[in-house]
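Subject: Handover of a structure and findings

Dear colleague,

Please find below the structure I am handing over to you. My findings follow directly after it.

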Amino acid sequence: MKRIMAFILMLTLLSSSCLGLFGCGASEPPFTPSAEVVNKDGVDAVVTYVVDDGYIKTGEFAKKMMQKYSDLTFSFAIRTRDFGTLTETADKSEYVMDGDKYVYTQTDTHLSNIAFWQDVMSVGQSEIIPHTHTHNFWGTNDDGGEFEYVKNNSEVIDTGVMPKGSTTKELFAPLQLINEYFPSSVYPRQNPITIIHAGIGVRTSDYTVGDKKVPTYLTYYNSLVDKAIADNVYIGGRGTFQVTDTAASASKVILPSSLKSAAARRSVPAYMIVNANKGEAGISNWTAFIDHAIEKGGWACYCIHAMSKPEEASGHYIYESDAEALFTYSDDKNVWVATFTDAMLYYLEWSTASVKTEYENGVITVKLNDKEPDNIFNMPLTVKVTVPLTWKAPVSGGQTLDAYSDDNGNKYVLLNIVPGSGPVEITESAQ
């Protein structure tokens with residue numbers, strides 16, 4: 001009898017305190033959710049391919065590649081002198097303006113170029129972005145007057161008269177022309193809000209030709225870019241770098257934290273891939289940059305000038321077969337091949353984003369905010385949110401979410417949230 005009474009007492013204690021029982025019936029074990037912004041849709045890295053200068057042959061090859069690789073996108077940085085010629089005053093002292101717009105003329109060749117690139121833009125989700133107007137590196141300020149075009153900091157190869165406002169023209173005329181001929185119906189975003197500099201890395205300090213000191217072109221031009229970024233006319237620009245060994249590009253992987261400074265926003269490092277910098281590692285010297293980005297969970301930005309057949313290759317051209325090898329490599333990886341503008345928008349938004357979570361009565365609430373202007377930075381950011389291990393079917397907004405497990409044994413889901421759009425709730429499905 002004593003043994004029976006002791007057994008009943010033990011059961012009573014267990015049922016009242018749930019000792020040794022996981023979950024206590026309908027209740028859950030203690031849980032504190034965590035959340036963090038990650039790369040889009042949880043991919044391992046971001047890759048962008050910027051193609052400079054706007055060569056027609058390159059556009060034809062790129063169109064073929066976009067048709068072959070459904071996720072491939074390009075950012076075509078084009079000198080907009082191909083789309084129109086800006087009008088100068090009769091004495092060539094300045095440019096003719098109609099309000100805040102430049103006045104320009106167009107030939108049949110200009111119109112043919114526009115039609116060609118509109119056709120390229122109709123394939124996939126690529127973009128056209130400004131690469132200055134003439135690409136001639138004119139001037140040190142907007143005063144106008146006589147100028148000397150100096151090559152390699154040593155040789156004067158041209159002289160002429162620089163109209164007033166030439167450097168501003170190089171920066172802002174492309175924005176006007178591209179907006180007019182590549183509207184949102186073709187261009188994936190409303191405006192081209194990133195710029196690809198002409199001559200970044202060249203003439204970065206004053207230099208001397210003979211006995212004459214010549215100020216760097218970039219001094220004034222970069223100050224204009226900084227102001228354009230501060231005013232949200234542009235959100236950022238791209239610089240370039242070259243390396244000749246597999247490891248050297250590791251430090252050039254872009255992370256959101258690296259874009260918090262104005263200088264970094266102006267000149268995002270991009271790996272200029274030409275045949276000369278394949279190095280002993282061959283194509284793997286180029287693809288290593290993608291591997292570095294995957295290791296760091298960051299962004300690998302490339303700069304390509306032109307793609308050609310081997311017998312046509314020279315200067316900054318790369319062989320079509322080499323370019324295709326690079327595209328195949330990124331296609332086989334778990335990466336987001338983004339346009340330069342979309343990658344900049346995503347990473348800049350991420351750089352100031354903050355995410356908070358709460359958990360009460362079986363509901364996880366996620367709040368995502370950032371410090372960027374909502375009229376420009378409105379891309380959904382992917383947020384990784386942990387959920388209880390006992391949840392079999394997490395649900396948000398009426399949609400069942402895929403659940404994953406990380407290396408630490410946590411269960412998590414991925415949510416795409418526009419910062420500042422309000423709280424998002426996650427629950428377990430009642431079914």
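In this predicted model, helix α2 meets helix α8 through F61, K64, M65 and K68 on the α2 side and E320, A323, E324 and F327 on the α8 side. The axes of α2 and α8, the latter covering residues 320-331, come within 12 Å and cross at roughly 35°. The crossing of these two helices is right-handed.

Helix α2 itself spans residues 56-68 and includes T58. T58 has a relative accessibility of 2% and therefore counts as buried, the cut-off being under 20%. Leaving aside residues up to four places away in sequence, T58 touches V51, H305, A306 and M307.

For the chain as a whole, I can report the following. The protein chain contains 9 helices and 27 strands. Of its 431 residues, 47% are buried. Among contacts between residues at least 6 apart in sequence, 75% join residues at least 24 apart. The chain exposes about 20,800 Å², and carbon and sulfur atoms supply 50% of that area.

One of the sheets may be of interest to you. It is an open sheet of 5 strands in the order β20-β21-β27-β23-β24, and the pairing is antiparallel. Strands β20 (354-360) and β24 (399-400) stand at its edges with a single partner strand each, so one side of each has no neighbour in the sheet. V395 stands opposite T427 of β27.

I turn now to charged pairs. In general, side chains of opposite charge can pair when their charged atoms come close.

K227 forms a salt bridge with D231, where the closest N and O atoms are 2.7 Å apart. K227 is exposed, with a relative accessible area of 52%, while D231 counts as partly exposed at 44% relative accessibility.

A further salt bridge brings together the side chains of D406 and K384, at 3.9 Å from N to O. D406 lies in the loop between β25 (404-405) and β26 (411-417), and K384 lies in strand β22 (residues 381-387), so the pair ties together parts that are 22 residues apart in sequence. Which accessibility class applies to D406: buried or exposed? D406 is buried, with a relative accessible area of 18%. K384 is also buried, at 19%. Both values fall in the buried class because that class takes in residues under 20% relative accessible area.

Yours sincerely

Definitions and conventions: Residues numbered from 1 in each chain as written. Predicted model: local features only at pLDDT ≥ 70, side-chain atom pairs only at ≥ 80, totals over all residues. Heavy atoms only, no water. Pairing = 2+ DSSP bridges. Helix = DSSP H or I, 4+ residues; strand = E, 2+ residues; numbered from the N terminus. Buried < 20%, exposed > 50% of the residue type's maximum accessible area, 1.4 Å probe, protein only. Contact = heavy atoms within 4.5 Å. Areas by Shrake-Rupley, 256 points an atom, 1.4 Å probe, with all protein chains shown as cover. Salt bridge = Lys/Arg side-chain N within 4 Å of Asp/Glu carboxyl O. Axes fitted to C-alpha atoms, helices over the stretch in contact; angles between N-to-C directions. Left-handed = near helix turned anticlockwise from the far one by under 90°.
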